[in-house]
Amino acid sequence: MSYLKPLFRHPKLPKNKLGYTLKEYEGSLSTLCAGCGHDSISAAIVQACFEMSVEPHKVAKISGIGCSSKTPTYFLGNSHGFNSVHGRMPSVATGASMANKDMVYFGVSGDGDSASIGMGQFVHVIRRNLNMVYIVMNNGCYGLTKGQDSATADQGSKSKAGSINPFQAIDLASLAIELGASFVAQSFSGDKQQLVPLIKAAMHHKGFAFLNVVSPCVTFNNNPGSTKSYDYVREHIEATSTLDFVPEMPEIKASYEEGKSTRIALHDGSLIQLNKLETDWDVEDRISAVNALQQARVKNEILTGLIYVNTEWKDLHETLNTYHKPLNRLDESELCPGEQNLQAINEGYR
Amino acid sequence: MKPTNTQDPEYYHKVVDCQYACPAHTPVPEYIRLIAAEKFTEAYMVNWESNVFPGVLGRTCDRPCEPACRRVRVEEEPVAICRLKRVAADNKGDVKKHMPQGPFEPNGKRVALIGGGPASLTVARDLAPLGYEIHLFDEQVAGGGMMRSQIPSFRLPEEVLNEEVNFILDMGIHTQFLTYVSSLKDVMEKGYDAVFVGTGAPKGRDLPKLPGRKEGDKHIHIGIEWLANVAFEHTKAISKKVIVLGGGNTAMDCCRTSRRLGGNQVKVVVRSPFEEMKASPWEKEDALHEDIEIIDNHVPLSFEVENGKLIGMKFQKVKAVYDENGKRQLLPTPEPDVFIESDEVLIAIGQENSFPWIERDLGMEFDQWGMPLVDELTFQSTLPKVFFGGDAAFGPKNVITAVAHGHQAAVSIHLFCEGQDLRNRPSPYTNLVSQKMGIHEWSYDSSVAIDQRYIVPQASKKLTLKDRKKEVELGFDVATAYKETQRCLNCDVQTVFTEDRCIECDACMDVCPTSCITFTVNAEEPDLRQKLLVPAENPEQDLLVSKELKTGRVMVKDEDVCLHCGLCAERCPTSAWDMQKYFYSVTKAHQMQAPLPQIQK
Ligand SMILES: Cc1cc2nc3c(=O)[nH]c(=O)nc-3n(C[C@H](O)[C@H](O)[C@H](O)COP(=O)(O)OP(=O)(O)OC[C@H]3O[C@@H](n4cnc5c(N)ncnc54)[C@H](O)[C@@H]3O)c2cc1C
Ligand SMILES: Cc1ncc(C[n+]2csc(CCOP(=O)(O)OP(=O)(O)O)c2C)c(N)n1
Ligand code: SF4
Ligand code: SF4
Ligand code: SF4
Ligand SMILES: [Mg+2]
């Protein structure tokens, strides 16, 4: 068993704007099961951060408990990380974001971590529109505790032991839209071509960006009859659009078929270029997005791609009108109100 | 691209860069692992089976394997393949008992070998166990050819050479030393079933037209003749001031030998720029270390003789200019000619073949340069019974090439004597075995050491310059050798892919440290090479392409910088990837059981 990844890399590995290669964005060697979908999502995060030339020290990864929540050890080894308590990632992320608004926050969670024990926190962080990327690595089971059905397991899905799940599944994407998430996307761990640009766009979205990524658990939920297996997902996946993320204000050169292509401008001037394959809903219209999800559900399809985006809602910092600087960069003159102001404040409480 | 045919024995062979580059295709990583396990006898035998002279080659090989070593493509220096071979030879136990044991049952066929160098000795070794009666003729006093007459003792101690020559001669070879063969016709008339010519390239080039050559003759020597005279102790001293002409390995041996026989102002004068000299970089380094001056860009003009005595040489200064095709020309510079003082001159500017003893009316065809026409595959001449090999076949090369020729000539001679088609050659001996020991465990050491190449220690100059026979290199000690073995990437442990098992989870692609693996839509080779995670821009290295997978894509692996770390196989949930050791032993007349299971503990 190898615990260490060899240090040699391809001598012609491309470099990004910062002069870094992928290596600078990798973490330690994964200890997840071989073939776990979560590892592919980690690789997509590495790829996205490399391509966006983010400075690793400006990223924080926060997670709960589960195989999925272990993954931050396996990517962005030069970034900050906090492995919190089961289902409590959102509150730690909220605290961190409040203290330092200048970082990119990756919240990494599982379907168990978010849809069961952490549901309360999940709901409220959406409601507050915290500026973060929230990824659920969704395998329909509690992988870490040996594969019990989770709340996202589809009704009728068969477990490895042969039992059929009698309960309805929580549809995290619909729920997120319902609760007011400002960016909602679905994808599949086995489709990096779609996942990488989605992660990039999510990082640039100001506000809560939710990514529900189906990620097969090879060890406990990849059996025939499971609706979260590699084979089932590949057969039922419906890619609705192809997506390009354009970091700087573009001249877009690629030409797309008239009427099928939409551009969405994000707060920082970057663009999402959406090339629709199916035109039956509008990603900027909440009702039509929810409709599309419900219809897909009836047809046993897994809708992937960008489902919904709203660039107008205020994120938590704007809502609370917080100071423009991170707390760790405030100096004495900003922190100390001065004798006079202090007096005045104290007076106010008398 | 079509799916790769890994059934072709050459596909995986080519992945083992060092072995593929070795003319005799020595299973390098196999013996390196045995050295790491301190199984020196076994390591020696893996070498011996393949290259016949491990002790000699571990000291003197031209090492074409090293520039080919995969390690060079991921860091600076290759594995010290050659010097590790010596470690096996230095520490081996009783190897003789693992060699074919005579007396062999005669098969009634007789073969004559003319010349006793590495080529002939290899033929002898491969044919003797099959029952051939072998007669070896050499004009020297003992076997070994130029390994004895040319390679100086400070690089190759005589005991090492004797031991390995005797391993072969002891197999019941009939030797006739001190016997110059002056007529091929006579040999042919003795009714041999086949004749092998391994007479080398024995003629040293001269500069007959250079002014002063005749007048100074007493103090001007042909390098290889002079080295042979030193080796056989006819020459025991040289003057203080010596000029050596030439820039190849012979020049390096001449200058270093001069330093040991009394020369204390030894200068090598060469026409080409220093960097382009033919000598191996390590030979040049060793010469410089022994205070020998190397003067480059000087073309000899004349030998200067005064009162019948050589006083030095005149040279013209040149500089190298290159045309657009990179072809070099040496153009004179305006600087004045240079006079260099010397008492003796050694001419080491190359060797040639010469076959004055082969009658031209026997039906053997020669080309315009007097070289016999020899088939490159079968080593047969146009006289069907007569085969060539070593330097005699295609001009001067080196020991390992002579050995490689010897193996192939022996195969041909055997086929010929059995009345079979020489072109229908037996396949190489190959074997592909999984190295899996447990879920994530391999029977080879899959971790990749980042250590830089270790340096072989040398004896002090004070000692070595006093005694021509004192070996300069001391060889690795066992502890350092172990560290060096860990640098080897085990390129023979192949990444074997079985497409029907692949579930396309991408795990291998994600984990591969050197980005070798890509799942993509198939295309023609040039396009496919560009489409990979990192474009495959080294055309010398193959792509491993799978059949079409379920999603319509193919798996493409660029063999170029694969570290054989096994991570792809460790991360594969379905064992679609497996690490399998490929053993390849080139076709031989007598194929020893390989990889020698009888001595693997
Ligand atoms: C100075 C020098 C240093 C070298 N150093 C190295 C080195 O470090 N590493 C390396 O790999 N290679 C080295 N070589 C090259 C290497 O020695 C030869 O390539 C190799 O020995 C060729 O082997 P062979 O079997 O073809 O013939 P040779 O080794 O040349 O043997 C031919 C034999 O045939 C005998 N012979 C010739 N004609 C007749 C005849 N008519 N009758 C009877 N006997 C005859 C000769 O006496 C000789 O013994 C060196 C060569 C020279 C000149
Ligand atoms: C407070 C608490 N309750 C229960 C557990 C046991 N537990 C560990 S991981 C896990 C479920 C994880 O499921 P999920 O988030 O889907 O992660 P996966 O392993 O599937 O990626 C549970 C219930 C725990 N660690 N802590
Ligand atoms: S148990 Fe399942 S989720 Fe956990 S590492 Fe293994 S495959 Fe992945
Ligand atoms: S790394 Fe080892 S096996 Fe690979 S080419 Fe070099 S010596 Fe040969
Ligand atoms: S053995 Fe596999 S993982 Fe390791 S370098 Fe080669 S292809 Fe990549
Ligand atoms: Mg889960």
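Guide: The answers below go through selected parts of this structure.

Visitor: What kind of model is it, and how are things numbered?

Guide: This is a predicted model, in which local features need pLDDT of at least 70, side-chain atom pairs count only at pLDDT 80 or more, and totals for chains, interfaces and linings use all residues. Residues are numbered from 1 along each chain as its sequence is written, chains are lettered from A and ligands numbered from 1 in the order in which they are written, and side-chain values use heavy atoms, with hydrogens and water left out.

Visitor: Let us start with helix α4 of chain B. At what angle do the axes of α4 and α8 of chain B cross?

Guide: The axes of α4(B), residues 40-51, and α8(B), residues 81-91, cross at roughly 115° and come within 8 Å. Helices (H or I, at least four residues) and strands (E, at least two) are DSSP runs, numbered from the N terminus. Axes are lines fitted to C-alpha atoms, for helices over the stretch in contact, and angles run from 0 to 180 degrees between N-to-C directions.

Visitor: Which residues make the contact?

Guide: From α4(B) they are B:F40, B:A43, B:Y44, B:N47 and B:N51, and from α8(B) they are B:K85, B:V87, B:A88, B:A89 and B:N91. Contact means heavy atoms within 4.5 Å.

Visitor: Is α4(B) buried or exposed?

Guide: Of its 12 residues, 12 are buried, so α4(B) is largely enclosed by the rest of the structure. Buried means under 20% relative accessible area, exposed over 50%, and partly exposed in between (1.4 Å probe, protein chains only). Among the buried residues are B:M45 and B:W48.

Visitor: What span should it have?

Guide: At 1.5 Å a residue, the 12 residues of α4(B) should span 16 Å, and the end C-alpha atoms are 16 Å apart, which agrees. The expected span is 1.5 Å times one less than the number of residues. Just after α4(B), B:V52 takes a positive phi of about 70°.

Visitor: Where else is there a positive phi in a residue other than glycine?

Guide: A:L76 has a phi near 45°, and B:E504 has one near 55°. A:L76 is in the loop between α2 and β2 of chain A and is buried at 0% relative accessibility. B:E504 sits in the loop between β20 and α20 of chain B and is buried at 2%.

Visitor: Why point these out?

Guide: Most residues other than glycine have a negative phi, and most peptide bonds are trans. As for peptide bonds, the one from B:G102 to B:P103 is cis, with omega near -10°. B:P103 lies in the loop between α8 and β1 of chain B.

Visitor: Last one: what is B:S272 in contact with?

Guide: Leaving aside neighbours within four places in sequence, B:S272 is in contact with B:M277, B:D296, B:N297 and B:R328. B:S272 is in the loop between β8 and α15 of chain B and is buried, with a relative accessible area of 8%.
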